[in-house]
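The following note sets out some points on the ligand site and the aromatic pairs. Please read it beside the sequence and the structure.

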Amino acid sequence: MELPYHEDVSPGTGGLPPRVWCAGSDAVSLSLNGSWRFRLSPGACGPDESFAAAGFDAAAWDEVVVPGHWVLQGHGSPLYTNQMYPFPVDPPRVPTENPTGDHLRGFDLPADWPAGGDAVLRFDGVESCARVWLNGTPLGDFKGSRLPHEFAVGHLLRPEGNVLAVRVHQWSSGSYLEDQDQWWLPGIFRDVTLLHRPEGAARDFFTHASYDHEDGTGTLRVDSEVPGRVTVPELGVDVATGESVTVPVEPWSAERPRLYDAELATAGERIALRVGFRTVALTDGLITVNGRPLLFRGVNRHEFHPEKGRALDLATMRADVRLMKQHNINAVRTSHYPPHPAFLDLCDELGLWVIDECDLETHGFTMLGWRGNPADDDRWTPALLDRATRTVQRDKNHPSVIVWSLGNECGTGKGLRAMAAWIRERDPDRLLHYEGDPSCRDTDMYSRMYADHAEVERIGRGEDEGSETRRQLPFILCEYGHAMGNGPGGLREYQDLFERYERLQGGFVWEWIDHGLRHPAYGFAYGGDFGEELHDGNFVADGLCFPDRTPSPGLLDYKRVIQPVRFGYDPVSGTVSVTNLYAFADLSELAFEWTYLMDGAERDASGPLDVPPELGPGESVELKLPDPPAAASGAETRLYLTAMVCEETNWTSLDHVVARADFAVTPRPPVPVATGESPRRRGYDVALGPGRFDVRTGELRALDTLTLTAAPRLDVWRATTDNDDGAPWQPDTRYGPLWRKLGLDRMHHRLDDVELGASGADALTVRTRMAPAARDLALRTVYRWTSDGTDLRLAVSVTPEGDWEVPLPRLGVRIGLPAALGYAQWFGGGPGEGYPDTKSASTVSRWSMPVDRMQTPYVRPQENGARADVRWAELRTGIDGEGVRIVGDPAFWFTARRWSSEQLDAAAHRTDLTPGDTVWVHLDHGQRGIGSQSCGPGVLPQHELRVAPAEFTFTFSAAARRR
Ligand code: IPT
């Protein structure tokens, strides 16, 4: 049986050979973006192509915007799977139910369209297969969704009344090659352009611009199918194409992205180029550029917009690059397909190292033990080669692109080997990446995803197993730090390894942005919200940015972990150390400042830190600071160091902080112990200082005039994070499900004893036992209340019973306060959340904000919002209103929210959470770390919250209205 074009394995018919993409031509072009006529059919439509014929009347059709996805414009709905193909696996066949969008667009040529020459019609991205007609004449068909496709159309154009018809199938044989973990989003989602091709116009050309770091010269050669001249006015260069010229230049790097304006002139066309000189090499087993080893501080970037899907506009792309630069990210892997071509122009201009990945993933075959994998089947090799060719041909002139990646999660096979061979031949000046083949026989680096710290360390030491070839290669983590929901945790410990072992050249956090789609009922939708038969839930929401590009705490943490300046401080000698962690740049673009603050409030002293601007990569300096001001009694002085940009740049504004750190100058003073007052009983009521208790339950009811909505009580539960829950396929212990099985989410509290005055005469002592049903595990808890008449002090002592085989989610007390106390102030870590292994961005200072703003809006609600290292916290009715003050000894984790952990745990979307009559306050002695187990390793041992005896205190007092 002969298969229709959309099901056969061929990459397409009728198109032009792939060539370079360039924006800078002086030839006329016409954008065909905009409103198109549109009709959706439930199947592939077969031979009925009447809509493409001349004179077809589409007046009754709907309209869609191109670029765009029809499923995001009211026709059908999106669907999300990670690895699973959402249709029966029978390659290359696809289901009969195959949503097909017919698109029609009429256009006239603009008045300045030249008479002679030819014309090319270019599609920059269509998912997943298209057949194209112009003025009733079929041009051909193509697959390869995130790749450009061109047709010669000059002979068919008319000055007026042209009709372009495009039939787009959601499913095609190409779908088997595009099983990336993302929404399936059909449509013409990138630009459609008509390009005039004058006589003598350029066709393909390849800019080779290398840099010799030993003599400081750059060598330029532009190979062009159509000969011409190349000029670089700034360098006085004027040479023929194909000819090399060597001149002194400033090199290009992601840190200093120096570009030279150049021009390629052929007989019929002038093309503006931007040339960056750099040499990529594997030198002594390391990835080097211009002779220096790189350390990738990277992210994986899918193209995503919460309303437009993968149809990204220029402003969004620029926002991505700016945000990455502002967060110290220096590299991007274009997971798992070439991005919109303009994105790479931005990487050249603003400076990012790029691993450019081919549009290829056959992950769903893993469920079949890789049986039938197209990557290892000769019939598919032309399609694979077509994808490699289109990627390299399109993007080869970008200095930012330093590594080609064959694709993601395709197993191993002949097709991949053929791609590698072709790429090596076409472009020997870049390195090759592919993670899926453990033999590394076709790659220049050993790449892994989600390897745990211990293994990464072994690799760093060269103690890894595997072939000798692989052991000689540099190592990168092409994916790590799974940023799903709250997290990822453990980034700091990875970074320490990368900085310690030369062979470890960094990694790429998974991933840049949550793919939550804007939804009227859910806020942001994820898998399953559109009634999909198969889906992978919120696994699609695993980014460092929320869907609307607000940085998540994970991104802020990562920014600090990878900051290019390291600070140290020795309080004894009063010296600060500053180390330059850039690979190329000195520190001349940064201005440094020191500040001493007492109790995070008064600006006691500050001044510039005279870091030598010429301090080079890897170099350190030690600087003596002026003495700190004498600390007032009971106050704590800290030192804050910042590095800010000295000048506005193309990626940030002037007030931008690149790096910061804070240190204790004086230790935290001891917290006074409130005792002396004796409890007084009247009926069932007990008064102790400002506290009012119920002697029958031992519970605190009120503090002065403030009535609590829930008494303080031991609490161990947190709404499990995606990283607590872990990925279902993981063999490792996953605590979220274990905790639930054990019953930590529904602990029983038994009151054993309420004792007045006995132990030490002035205390109210309450003894309890907290335990899960059906088990003999428990946490015996003694609450010991004392007061000095003004303050009320709670000392909690926890003694575990039984054989606890799990760590705890949290350990602390929770209290319910009236909803009116909706404004928080604290001295401790902030301004944002931080957990034991995610708190690099947490600065110990004084912070204040409404409780509503303390919430981190994860797409799927889960534990969030804890502030680390808190000395004291206040909840008031407003910034100056009355309320309650809580001092912790030792410092604690502070969380406040308008819903309970149980409500948070039950919520599936943000819109499920509505404020109640209580502000729930958690005062935690311990929190479990976060880890990365939603796809990677769990919490490191040092960040686990093991069950052990614990003692901690909180002192409560009424906070008076501030005048
Ligand atoms: C890995 C994929 O490469 C990536 O696309 C994404 O799915 C990520 O996981 C999880 O979000 S593959 C995984 C099986 C390690």
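1. A residue is counted as near a molecule if one of its heavy atoms lies within 4 Å of it. In this predicted model, 15 residues are found around the ligand, and Asp181, His336, Asn408, Glu479 and His482 come nearest.

2. The shell around the ligand comprises 5 nonpolar, 6 polar and 4 charged residues. At least three of its residues come from domain 1 (12-197), and at least three from domain 3 (294-560).

3. For asparagine 408, a side-chain N or O atom is 2.8 Å from a ligand oxygen; for tryptophan 510, a polar side-chain atom is 3.0 Å from one; for asparagine 82, the separation is 3.5 Å. Taken on its own, the ligand has 390 Å² of accessible area, of which the protein covers 92%.

4. The structure contains 37 aromatic pairs. Why is the pair of phenylalanine 87 and tyrosine 176 edge-to-face? The ring planes stand at 80 degrees, with the centres 5.2 Å apart, and planes over 60 degrees apart count as edge-to-face. Both residues lie in loops, and the pair ties together parts 89 residues apart in sequence. Phenylalanine 87 is buried at 6% relative accessibility, and tyrosine 176 is buried at 0%.

5. Tryptophan 785 and phenylalanine 956 form a tilted pair, because their planes are at 35 degrees, with ring centres 6.1 Å apart. Tryptophan 785 belongs to strand 51 (residues 778-787) and phenylalanine 956 to strand 59 (residues 950-959), so the pair joins parts 171 residues apart in sequence. Both residues are buried.

6. Ring pairs also connect Tyr85, Phe87, Trp171, Tyr176, Trp184, Phe365 and Trp380 into a cluster.

Conventions:
Residues are numbered from 1 along each chain as its sequence is written. This is a predicted model: local features need pLDDT of at least 70, side-chain atom pairs count only at pLDDT 80 or more; totals for chains, interfaces and linings use all residues. Side-chain values use heavy atoms; hydrogens and water are left out. A polar contact is a pair of N or O atoms within 3.5 Å; within protein, one must be able to donate a hydrogen and the other to accept it, and residues adjacent in sequence count only if both atoms are side-chain atoms. Accessible areas come from the Shrake-Rupley method with a 1.4 Å probe; for residues, only the protein chains shown count as cover. Ala, Val, Leu, Ile, Met, Phe, Trp, Tyr, Cys and Pro count as nonpolar, Asp, Glu, Lys and Arg as charged, and the others, Gly among them, as polar. Domain bounds come from an automatic or database domain assignment. Rings of Phe, Tyr and Trp (its six-membered ring) pair if their centres lie within 6.5 Å; planes under 30 degrees apart count as stacked, over 60 as edge-to-face and the rest as tilted. Helices (H or I, at least four residues) and strands (E, at least two) are DSSP runs, numbered from the N terminus. Buried means under 20% relative accessible area, exposed over 50%, partly exposed in between (1.4 Å probe, protein chains only).
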